[in-house]
Amino acid sequence: MKTVFKRTKTLKDCPTHYCPGCGHGIAHRLIAETIDELGIRGRTIGIAPVGCAVLAYDYLDVDMIEVAHGRAPAVATGIKRTNPDMIIFSYQGDGDLASIGAAEILHAAHRGEQITVIFINNAVYGMTSGQMAPTTLLGQITTTTPLGREADSHGHPLQVSELLAVLPGAIYIERCSLHNAAQVRKTKKVIRHAFELQVAGAKGLSLVEVLSPCPAGWRMTPTEAVKWVENEMTKAFPLGRLKG
Amino acid sequence: MAGKIIIDTERCKGCGLCVVSCPQNSIVISEKSNKNGYFPAQPVPSVVEGTNNTDCTGCAMCAVICPEAIIEVQCDDNIGTPLPNKKLKNGNILAIEPEKKSKADLLSLKGGTG
Amino acid sequence: MNERVLMCGNEALAEASILAGVDAYFGYPITPQNEIPAYMARRMPEEGRVFVQSESELAAINMVFGASATGKRAMTTSSSPGISLMQEGISYLAGAQLPAVIVNVMRGGPGLGNIAPSQADYFQATRGGGHGDYRTITLAPSSVQELADSMSLAFDLADEYRMQVMVLADGILGQMMEPVVLETKPRRKLPPKDWALTGAEGREQNIVRSLWLKEGVLEELNNKLQARYRQIEKDEVLCEQYEVETAEIVVIAYGVAARIVRSAVDKAREEGIKVGWIRPITLWPFPTEQISRAADELRIFLTVEMNCGQMLEDVKLAVAGKAPVLFYGRAGGSIPTVEQVLEKIKQLTTKKSVQWTGKS
């Protein structure tokens, strides 16, 4: 018997605080595998957001920095510009990136900062227990949309990947999902490509939008949650490569 | 079968994603909780007499979807090479001659109690 | 550079920062400090250093946060409303213990205010407009030369103590041209930045963070920071004084206001008034001891500021009720004249205003 799948080195072997069925654990693993496969642990700096993944540095064994809500792309700019040979990635949720951090991601992409952004879209504010996010779907019930999101007062769900794809400084944008094992494998390929571009010195920003289940935030079971990603989220956020 | 999974049941949070991901329906939720109060996933007991294997093919879909990364997957070294004379619980025998390469020879089922 | 050149304050501080080894400048346009990003945009690439015009002051302070976390010398400059936007970032820098240098070329406020010089950000600088228990080393130069000299001191203090250093200039200091000598100064003995994010090759990961959820850990960090602040208060106070021993009236002012006070005090002395001045150069740590000692003798204190009375409170704290503390100031970007300050000093010499009733 030989081992065909085991935990990769850069993913620390410890329990996580994430809810059962949360997509963060899967996404963290894919990033860790990418870092190990590319052999870049020694020169990678990761940026943890404010959100459920604020403690990402407890799970990913690379130099990491925890920053203010939404500011990761600006911090990444400061790090990458002064350390161009290091591999810089930010890991952000939908509140962090698309709400309070909207200006920062827009301008980092606009300037073409040579960084990799992993954008975890779970259509809700998870850590603060379930408020509306910019990516919340129409009709979706959250603690701040108890009657469901309405376009008139709340706007439509924000399609970050489409928005950023317009910018010349954004060189690779792809949206993928974690709703089943096949999609997880595809997401791994996308994340790996986004890192490879930075390793190769590509001149521009890569962003991977990952549709992710949030069973606790959506008040669903994990299996219901992945079904909701597959059936509902992919309608509002179509999967596929938007740029690059 | 060719594969085997090892689940760290004390780290499992019982999300059940591996259960629905397994193409062989070889994972179930345990009826006994772990120390954290979760009901962890565990491999389905073997359908092949006299072995510790399940129907697991070592595809690793469970490990790929596991949010806690606590499933290790192992596979027979000679995967792809047919295995000789496995006796199944239902009485059938998976009789395979390793030397023969033709598809017709790969599998012959004999009924009855063997 | 070593020769004496005529430069405006904004450009002088920029060149001085380059000589002090600043690795990265991040900034956003705002009057009256636009000369700084313009100068840096030209000079930093010449020196192979980093310049980024950020999309906002909010982004600029976060870029500083990032660069500093990797062990680089990083700075930003702005003016009052932009510094307001940076308060979150300054609090994060304080919590994460990252060195940083921030220059505030003060203008009139509150709100959009005007572009005239002001000293109305004293509270913001010394009390920390950001959240949490932290202090910011605050330097208050009063000439272009002193402003330039402040930069290498600021970077050294920031690195030595893992602190944020605010250099308070104002619209006058930034814009005025004075002769200045710019030179590379020897650095203090500085500790190695083994906490910096340089890539975890061959070592455990470094984490730069300010969130500490476990019981008691954040308290421990706060206590550690407070101990550091006590050390700084002991060792890093800078202030200048003139004729305090022979004075019955002591005028306290900083920055540009101190220059006006100096002229007024000279004129008052010519008229035989026994007046002196104390000029704090570090606003935090404040020269509490020097002022307290001066208050041991029978004296009156007059604080002169270009605001509605902010350093006044620190002077009152230092005097601790031993003597009257009065105030004269102009607000909203207006500048006191030498005559106005002289007039106020003269008022204090009349017996009536000297009666100590316990109130100022």
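Two residues are in contact, or touch, if their C-beta atoms, placed from the backbone, lie within 7 Å.

## About the model

This is a predicted model, in which local features need pLDDT of at least 70, side-chain atom pairs count only at pLDDT 80 or more, and totals for chains, interfaces and linings use all residues. Residues are numbered from 1 along each chain as its sequence is written, while chains are lettered from A and ligands numbered from 1 in the order in which they are written.

## A serine in helix α7 of chain C

Let us start with Ser150(C), which sits in helix α7 of chain C. Helices (H or I, at least four residues) and strands (E, at least two) are DSSP runs, numbered from the N terminus. Leaving aside residues up to four places away in sequence, Ser150(C) touches Leu139(C), Pro141(C) and Val167(C).

Is Ser150(C) buried or exposed? Ser150(C) counts as buried because 26 C-beta neighbours lie inside 10 Å. The cut-offs are 20 or more other C-beta atoms within 10 Å of a residue's own for buried, 12 or fewer for exposed, and partly exposed in between, with C-beta atoms placed from the backbone. Ser150(C) and Ile281(C) are 131 residues apart in sequence, with their C-alpha atoms 9.7 Å apart in space.

## The nonpolar core

A nonpolar core is a set of buried Ala, Val, Leu, Ile, Met, Phe, Trp, Tyr and Cys residues joined through C-beta atoms within 7 Å. The largest one here has 219 residues, and the members touching the most others are Ile118(A), Cys62(B), Val251(C) and Val261(C). Helix α7 of chain C, residues 144-161, is the biggest giver to this core, with ten residues.

Take Val251(C) as an example: not counting residues up to four places away in sequence, its contacts are Val261(C), Val265(C), Val275(C), Trp277(C), Leu302(C), Val304(C) and Ile345(C).

## Where chains A and C meet

Two pairs of chains touch, and the pair A and C has the most contacts. Here 34 residues of chain C are in contact with 29 residues of chain A. On chain C, at least two residues each come from β2 (24-27), β3 (50-53), α3 (57-69), α5 (87-96) and β9 (207-208). Helix α3(C) gives the most to this side, with eight residues.

Two strands pair if DSSP finds at least two bridges between them. Strand β3 of chain A (residues 63-66) pairs with β9(C) in the parallel sense, over two bridges. Within β9(C), Ile207(C) is the bridge partner of Met64(A).

## Chain B and the sheet with chain A

Chain B holds three helices and six strands, arranged along the sequence as β-α-β-β-α-β-β-β-α. Of its 114 residues, 32% are buried. Among its contacts between residues at least 6 apart in sequence, 55% join residues at least 24 apart.

Strand β1(A) is joined by three bridges to β4 of chain B (residues 71-75), the two running antiparallel. By contrast, no contact joins chain B and chain C, whose closest C-alpha atoms lie 20 Å apart.
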